[in-house]
Amino acid sequence: MTLFRGEDLTDLLNSYEQINIEKCIICNSDQFEVWAKTDNYITNKCCNCGLIFMNPQLSPEGLNEYYDNYIGKRRVNNLEKMKLRSEQYTIDSSLIKKFITGGKLLDIGCNGGFFLNSLGDKFERYGTEIDSSSVEYAINEFPEFSKNIINDDFKNVKFENNFFDLVTMRGVIEHVPDPENCIKEVARILKKNGLFYICATPNGESYCADLYRENWNLFHPIQHLWHYSEKNLSILCKKYDLELTWSEYHYLNTPYENIDKDLKKINDAIKMKVSGEDINEISPPFFENMLSLIFRKI
């Protein structure tokens with residue numbers, strides 16, 4: 001049996017191909033080191049650019065199976081997490097509104113339309129989503145923009161060139177098996193000076209990631225294929241004329257902040273590591289765990 005934090009992945013991993021990554025998707029290096037290893041999973045780190053990634057990774061077909069009814073299995077039935085996410089949607093939408101307040105907007109991997117809804121009706125809102133259950137939810141809950149939500153992989157949709165003023169990926173780019181072609185397509189459909197907003201994305205360069213490794217709360221062998229840093233994700237985006245103009249690392253003043261409790265857990269983990277003990281607890285939310293990046297098409 002293949003378990004990850006109580007989640008049984010046995011059938012999924014036995015039924016679908018796993019793909020080996022032979023060259024870094026950021027810098028094309030083939031020099032990797034083992035960053036984390038358990039009985040069932042290996043995570044590599046590129047020795048050149050620092051990208052952290054699962055290796056091997058579940059095939060796209062397996063990922064589609066995993067994300068089937070994602071909204072029902074991992075979203076709306078967890079009311080406590082939905083409440084926290086709703087508060088964070090407001091924070092993330094408020095950030096991008098400091099830079100743009102209207103125009104044509106595409107949210108890639110829009111799930112049930114929650115983030116699109118938080119961005120408001122001053123935008124002409126579009127979304128793409130591979131999970132049909134999530135699209136059905138959006139149609140029922142958000143009729144004001146659900147006609148513009150497409151149940152398909154973003155790269156298959158083929159929007160017009162220079163069509164959007166803003167493209168967002170909230171908690172998505174770390175899940176995408178082919179991020180370079182995704183970013184290339186984002187650049188094609190963005191207008192000149194249009195914005196590409198990546199947020200709620202794990203930061204592989206964070207202190208918690210390095211300290212906890214496979215016990216980092218944002219580590220997941222199926223969901224999170226890549227753990228980027230601001231630096232290496234900027235390298236990938238710059239190849240397609242997307243220039244970093246703003247970065248933020250949300251923790252303070254978020255619904256996940258609990259400084260006293262979180263600092264105590266971190267300090268305990270540091271003491272265990274110094275003494276040579278294994279860190280078996282999952283890490284808490286903490287400073288710099290999450291990336292929010294804004295790129296402009298030049």
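C47 is partly exposed in this predicted model, with a relative accessible area of 48%. C110, by contrast, counts as buried, at 4% relative accessibility.

- C47 takes part in no disulfide, and its nearest cysteine sulfur belongs to C46, 6.5 Å away.
- C110 is in no disulfide either; the nearest cysteine sulfur is that of C182, 13 Å away.

- Strand β12 covers residues 190-202, and ten of its 13 residues are buried, so the strand is largely enclosed by the rest of the structure.

**Partners of β12**

- Strand β11 (residues 164-170) runs parallel to β12, and six bridges join the two.
- Within this pairing, T168 has Y197 of β12 as its bridge partner.
- To get from β11 to β12, the chain passes through helix α8 (residues 179-189), making a β-α-β crossover that is right-handed.
- Strand β15 (residues 290-297) is joined to β12 by six bridges, and these two strands run antiparallel.
- Y197 turns up again here, with I294 in β15 as its bridge partner.

Definitions and conventions: Residues are numbered from 1 along each chain as its sequence is written. This is a predicted model: local features need pLDDT of at least 70, side-chain atom pairs count only at pLDDT 80 or more; totals for chains, interfaces and linings use all residues. Side-chain values use heavy atoms; hydrogens and water are left out. A disulfide is a pair of cysteine sulfur atoms within 2.5 Å. Buried means under 20% relative accessible area, exposed over 50%, partly exposed in between (1.4 Å probe, protein chains only). Helices (H or I, at least four residues) and strands (E, at least two) are DSSP runs, numbered from the N terminus. Two strands pair if DSSP finds at least two bridges between them. A crossover is right-handed if, with the strands pointing away from the viewer, the path from the first strand over the helix to the second runs clockwise.
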